[in-house]
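Q: Please take a close look at one part of this model: the place where the two copies meet. Keep it brisk.

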2 protein chains.
Amino acid sequence: MREGIQNTLRAFAAEFDGRLDALLACGGPRPADLAEAVRYSVLASGKRVRPYLLVRCCELVGGTRERAWPAAAAIECVHAFSLVHDDLPAMDDDDLRRGRATTHKKFGEALAILAGDALLTLSFELIARMADARVVQALVSELAGATGWSGMIGGQAQDLAGENQPPSLERTRAIHRLKTGRLFAAACRMGAICGGGTVDQLEGFLRFGGRLGEAFQIADDLLDLTAGAERLGKTAGKDAAARKQTYPACVGAAASRAAADAAVTSAVAELAPFGPAADDLRELAAYVVVRDY
Amino acid sequence: MREGIQNTLRAFAAEFDGRLDALLACGGPRPADLAEAVRYSVLASGKRVRPYLLVRCCELVGGTRERAWPAAAAIECVHAFSLVHDDLPAMDDDDLRRGRATTHKKFGEALAILAGDALLTLSFELIARMADARVVQALVSELAGATGWSGMIGGQAQDLAGENQPPSLERTRAIHRLKTGRLFAAACRMGAICGGGTVDQLEGFLRFGGRLGEAFQIADDLLDLTAGAERLGKTAGKDAAARKQTYPACVGAAASRAAADAAVTSAVAELAPFGPAADDLRELAAYVVVRDY
């Protein structure tokens, strides 16, 4: 089963990267160095979990994947923006990401800040190019809400504020929810919006994505604790060094693993209405907590 | 005449800030320190030239100012975002802005980066909350295009790349067009979109805003050369110190003044179809090149 979803994700990533590349080529002229930093930050690496969720949730509610590509590209641009800015020296100060130099290490800080800004802006530009104005409005609203000061960006602010504070499970869960859960949920809901999903389906995906994001982030905390930099593709052991709020720091490794499993179980329960058509998402949910990179 | 438009702008800024304050209060909960940094960056200072252009262009094409407030707030959020990030140590490294400590000086670099990110995201969230989906789509498209890697952010990248290069008028004009002209033009066009303007009106505002932005930026270059920090509200003489591409560095102060005047003249010519109703914008155009702050 685990190999199945890994192969599925790999095949999807190849298809997605081709679409993303083509979408990035549209639009007006842009400075060559900035374009290179943007492309470096978003292309040719990454598991593409958020775009996969988006495209598959579109299909699950009866839409075609063709309709979902611009929104899938948009959510990956937002994710890439967040990685570029979070890695900056003033933030988490990371030299390594996805096994390569971080954007600011390769292009310098100024261009990294601008590349992040450009990716965030581009995500809304990609959505605005879609055909249906009502879909565009719903997608912009969903994405901006999940990204902004009440969402992912707010989560990063809380993450930084939580450094050097005593571990608190409540605080950790709030940070996870904002930093990871909101964008996972937005990915699922944006897919459903592209595919014309019902209000009930959108609410189910809010819960599914939120719980899946939680499982994903607990697994990330555990990986930071146990994996080497080679497997991780980023600097390992950073959380403890920065005295970050993490799940293991609050409840230990064993209880963290149990919490991740519980989050997967309750995420998967939300997929019941879709029957066997959602089996790949069930596999994905099981996979995020056992992945070793 | 000059006092007239200054009073008009002051009265408008007071009205606008009230609206902006109310719009910022909407939405979900957010971390207190991030919210404070965002509000510090966008409220209680600034001439509000871009929102003024937006609201007045809405009225000129027959719309009510009520319809324009969210878009006016959005464009000021984008402007504020650009100031916060441009002031960062890795970029223009400024300690003073609008007579106060820059955001990173007051809140630290990490929170300044996040506040800029939050302001940029918020601009699209504000637009998405508007009633008419087709207007939302057109506004997001206009704002993202003017802001992104082919617009203002691309201009900042070129500005940084141009430092320490020999002065080039062609390069300077391209940077001015992207860094300032695009957002001025977008302000006018977004106003026209809110007010239901025609394609001809939108094209006229593209030229008007672009030329006005050019005049504004040349005047800014001249001010940096001649004014003290007290009047300027920001560190003076920075352009020459950073060996920036500026108009005076390329053609001298006298020819720069002539170029600014020429840009005003050709901007004002675009207002002919509106007759006396656009007199305030004519005054504004004349004012931007003689302001002494």
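Which rotation, and how much shift along its axis, superposes chain B on chain A?

A: A rotation of 180° with 0.0 Å of shift along its axis does it, at an RMSD of 0.0 Å. The superposition is by least squares on the C-alpha atoms of residues with pLDDT of at least 70 in both copies. The two copies are thus related as by a two-fold rotation axis. A133(B) is the residue of chain B that comes closest to this axis, with its C-alpha at 2.7 Å.

A word on the basis. This is a predicted model, in which local features need pLDDT of at least 70, side-chain atom pairs count only at pLDDT 80 or more, and totals for chains, interfaces and linings use all residues. Residues are numbered from 1 along each chain as its sequence is written, while chains are lettered from A and ligands numbered from 1 in the order in which they are written.

Now the interface. In chain B, 45 residues are in contact with 45 residues of chain A; contact means that the C-beta atoms, placed from the backbone, lie within 7 Å. On the chain B side, α2 (32-42), α6 (109-128), α7 (133-147) and α8 (152-162) each supply at least two residues. Helices here are DSSP runs of H or I with at least four residues, numbered from the N terminus. The largest share, 13 residues, comes from α6(B). By class, the side of chain B that touches chain A has 26 nonpolar, 13 polar and six charged residues. Ala, Val, Leu, Ile, Met, Phe, Trp, Tyr, Cys and Pro count as nonpolar, Asp, Glu, Lys and Arg as charged, and the others, Gly among them, as polar. Of the interface residues of chain B, 100% are also interface residues in chain A, so the copies meet through the same surface.

Two of these helices also meet within chain B. The axes of α2(B) and α6(B) come within 9 Å and cross at roughly 70°. Axes are lines fitted to C-alpha atoms, for helices over the stretch in contact, and angles run from 0 to 180 degrees between N-to-C directions. The pair is therefore roughly perpendicular, a term that covers 65 to 115 degrees. From α2(B), the residues D33(B), L34(B), A37(B), V38(B), S41(B) and V42(B) take part. They meet L111(B), A112(B), L114(B), A115(B), A118(B) and L119(B) of α6(B). This contact has 10 nonpolar, one polar and one charged residues.

How values were computed. Two residues are in contact if their C-beta atoms, placed from the backbone, lie within 7 Å. Angles under 35 degrees count as roughly parallel, over 145 as roughly antiparallel, 65 to 115 as roughly perpendicular and the rest as oblique.
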